[in-house]
Amino acid sequence: MDLPRGLVVAWALSLWPGFTDTFNMDTRKPRVIPGSRTAFFGYTVQQHDISGNKWLVVGAPLETNGYQKTGDVYKCPVIHGNCTKLNLGRVTLSNVSERKDNMRLGLSLATNPKDNSFLACSPLWSHECGSSYYTTGMCSRVNSNFRFSKTVAPALQRCQTYMDIVIVLDGSNSIYPWVEVQHFLINILKKFYIGPGQIQVGVVQYGEDVVHEFHLNDYRSVKDVVEAASHIEQRGGTETRTAFGIEFARSEAFQKGGRKGAKKVMIVITDGESHDSPDLEKVIQQSERDNVTRYAVAVLGYYNRRGINPETFLNEIKYIASDPDDKHFFNVTDEAALKDIVDALGDRIFSLEGTNKNETSFGLEMSQTGFSSHVVEDGVLLGAVGAYDWNGAVLKETSAGKVIPLRESYLKEFPEELKNHGAYLGYTVTSVVSSRQGRVYVAGAPRFNHTGKVILFTMHNNRSLTIHQAMRGQQIGSYFGSEITSVDIDGDGVTDVLLVGAPMYFNEGRERGKVYVYELRQNRFVYNGTLKDSHSYQNARFGSSIASVRDLNQDSYNDVVVGAPLEDNHAGAIYIFHGFRGSILKTPKQRITASELATGLQYFGCSIHGQLDLNEDGLIDLAVGALGNAVILWTPPPKCWSEAPEETLS
C-alpha cells in the first residue's frame, strides 16, 4: 500500500530529536465556513467520512424550520462549496402529540466511524401527556448518505392517557330530549386529551340495531371529534338491546382502529332495562376477559316521568359497570342532569392513569435525554440530565433494546439526602478502556454537591450499575465534570489519560477554567495535575470543550485540543497539547486565537473535533466551532514546520 508522501516524510523527520518541537497548526489559510449566528451554527462540529468523501457535520441548535425553532444539522464540504441543511427538524414521530419548538436539535452530535452514521440529539424535545408536557428528549440516527434512518428515544414512554374509549349510546325512542344527550356527549369529549399517543374515541348508538357513528381512529383532535358528535342524530327504536350494544362495542368498535397496549374503556349510557338482559352475563364476562373497564350511566328520566320504580333497572346498570360500583356507576334524574356528572366521570376515567403494564416507572418525564451522547460498540450512551428530579442519569440504546438504570443504582454516589441539589449527571458522557476491566463508561455531574463529580461505571441489563470510581471537584460552581475526554496516547486501544474540565473554575477574579489530568494506573485513574492555560487575567472558560485528536505532529502519540471560548472578550481560543509516552505534556504547544484566523469570530473553541485527514495530505486536520461559523485548521506539511512562527507557551 502506498502511503502519502507527506506522511512518509513526517515519519522520517519525527525520528530526528527535537524536530516535532517546531510543529504548529497553520493559521494563515483556515477555511471559515459561515452559517447563521442566530441559529448558533457551529455549536457542535464533527468530521465525517463517507466512502472517502470528507464532510463536516455542524449542529445549529437554534435553527428554525417553518414557524418553529427546532434546531437542525448541516453537512458542509471541507474544501469549497456551501452547507446543506439536513432538515432533521422536520422529522415527526407518529402516534405522539409532540412539541418540537425549542427542542435544540444538534445540541449534541456523535459520529460512528464503523458504519459512517451519526446521531443528532434534541434534548428538549417534548410530548404532550394529558395536561402536561414531558421533555424526555429524542435523537435522530442519520445513515451514511445523510438520510434519517430511525428515532432513538429511550426515555419516551406511553402516556398514562393512552386509552381507547368507546361510548355506547342508547338511542331508543324513550330517550328524550336527545339534545341533552348530545350536549353531554360533547362536554365529556371536551374533557378528553384526544390526540396521537393519547386518547382516541369511537361512538356507537344502539336501540334495536347497533351502528358505528364513528370509529376510534377517525378523528385525531378534540375539535374534530366534537364536530362529528354534534351531528349525531337519534336513530330511535322500540327496543333497548343493551347487551347487543355492549357486545358490538367489544367485538367490533375496539377492533376498528384500536391500538395494541391501549387501555380499553367503555362508557354505556341508557335509560331503561334491556330487552336482551339474558345475554348480559356472557357479554360482561367477555368484556372482563378483554380487560375492558366499563362505566355505566343510568338515566332515570323515563322512570321518573311515569312514576316507575327503577330498582331493577339500577341493579342491571350496576351489573354492567366494572367493580367497584362507587367508581364506575352513575345515575341521573333525567337527560338534562347528565351535564352534572361530566366532571366526575372524566376524573374517574383519568384516575386510571398508571395502569399501563410493563412500563418503566417514570422519573424520566423531564429527563432531556440526548443532552450528551457517545457511541460504544453495542449502541449509544445518552446523558439525561433531568432524570430522577434532576439528579440525572445515563441511558443506553442498543439494537437489542434500551437499558435504563433504576434511581437506586446511583445512590452509592448520589445519596438521597442530596437529591434536591440537581447534580445533572449525564451532562457529558464518554468511556475508557482498561486492560483489566474492558470498556467502562464515564459521566459527569457538574452540579453534584455544588462542586461536581465524575463517575466511572459499568451498566448491566438488569438496570443496575457497578460504580468503580468517583472523582470530586474542588471548587463550588466550577462545573467540574461538564466536559470529559479519554485519551489513548499511544493508540494501543487502552486509555492512558482521562481529562476532566471545570470551565467555570474561578481564579484571580475571573472564570479562567481548569482541566484536570488523571492517569490510568492499574485499574484506577490517579490525579496528576492540570493543563496550563495562558495565565491571562480574563474570563476564558478554559475546558469548555476538550477533544482527543489523532496525532497532529507525527510523533506517533495522539494529542489533545482544549477550547477557551470566552478568551479575548468572547472571541475565543484553542490550546494544543501534545501526547508523550503515556501522558499529556501539560504546557500547550500552541495557542490559536480567533483573531489570528478571521475578523468577527466569537466563541471560537466551543466545540472541537480532529480525527480525519480532510484534504488527503496524510495529516490530521482540526474542525473548530464558533458562533455562526465552523473553522477548519490544516496541519501543514512537515517541510513547513521549521518555517512556522514559534508559539510554544512556557
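Which residues does Ser322 touch, not counting residues up to four places away in sequence? The first legend answers this; the views come from a predicted model.

**View 1. Ser322 and its contacts.** Ser322 sits in the loop between α7 (311-320) and α8 (325-328). Its relative accessible area is 7%, under the 20% limit, so Ser322 is buried. Not counting residues up to four places away in sequence, Ser322 touches Glu288, Val292, Thr293, Arg294 and His328. With Arg294 there is also a polar contact: the Ser322 side chain reaches the backbone nitrogen of Arg294 at 2.8 Å.

**View 2. The largest nonpolar core.** This core holds 38 residues. Ile165, Ile167, Leu189, Phe192, Val201, Ile267 and Ile349 touch the most other members. At least two residues each come from the strands β13 (163-170), β14 (199-206), β16 (263-270), β17 (292-299) and β18 (329-332). The helices α2 (178-191), α3 (222-229) and α9 (342-350) each supply at least two as well. The most comes from α2, which gives seven residues. In soluble globular proteins, nonpolar side chains tend to be buried together.

View 3. Leaving aside neighbours within four places in sequence, Phe192 is in contact with Ile165, Ile199, Val201, Val222, Ile267, Ile349 and Phe350.

**View 4. The aromatic pair of Phe414 and Phe448.** The structure holds 22 aromatic pairs. One of them joins Phe414 and Phe448 edge-to-face, at 5.3 Å centre to centre and 85 degrees between the planes. Phe414 lies in the loop between β22 (401-403) and β23 (428-434), and Phe448 in the loop between β24 (438-445) and β25 (453-459), so the pair ties together parts 34 residues apart in sequence. Phe414 counts as buried, at 5% relative accessibility. Phe448 counts as buried too, at 3%.

**View 5. The aromatic pair of Tyr441 and Phe457.** The ring centres of Tyr441 and Phe457 are 5.9 Å apart. Their planes stand at 75 degrees, over the 60-degree limit, so this pair is edge-to-face. Tyr441 belongs to strand β24 and Phe457 to strand β25. The pair links distant parts of the chain, 16 residues apart. Tyr441 is buried, with a relative accessible area of 9%. Phe457 counts as buried at 1% relative accessibility.

**View 6. An aromatic cluster and two charges over rings.** Phe480, Tyr516, Tyr518 and Tyr527 are linked into a cluster by ring pairs. Elsewhere, two charged ends sit over rings. That of Lys514 sits over the ring of Tyr505, 3.9 Å from its centre. That of Arg447 sits over the ring of Tyr424, 4.7 Å from its centre.

**View 7. An open three-stranded sheet.** The strand order is β6-β9-β10, and the pairing is antiparallel. Strands β6 (98-99) and β10 (132-134) form the edges, each pairing on one side only. Two bridges join β6 to β9 (residues 126-129), and these strands run antiparallel. Arg99 stands opposite Ser126 in β9.

Definitions and conventions. Residues numbered from 1 in each chain as written. Predicted model: local features only at pLDDT ≥ 70, side-chain atom pairs only at ≥ 80, totals over all residues. Heavy atoms only, no water. Phe/Tyr/Trp six-rings, centres within 6.5 Å; stacked < 30°, edge-to-face > 60°. Helix = DSSP H or I, 4+ residues; strand = E, 2+ residues; numbered from the N terminus. Buried < 20%, exposed > 50% of the residue type's maximum accessible area, 1.4 Å probe, protein only. Lys NZ or Arg CZ within 6 Å of the ring centre and 35° of its normal. Pairing = 2+ DSSP bridges. Polar contact = N/O pair within 3.5 Å; in protein donor to acceptor, adjacent residues only side chain to side chain. Contact = heavy atoms within 4.5 Å. Core = buried A, V, L, I, M, F, W, Y, C linked by side-chain atoms within 4.5 Å.
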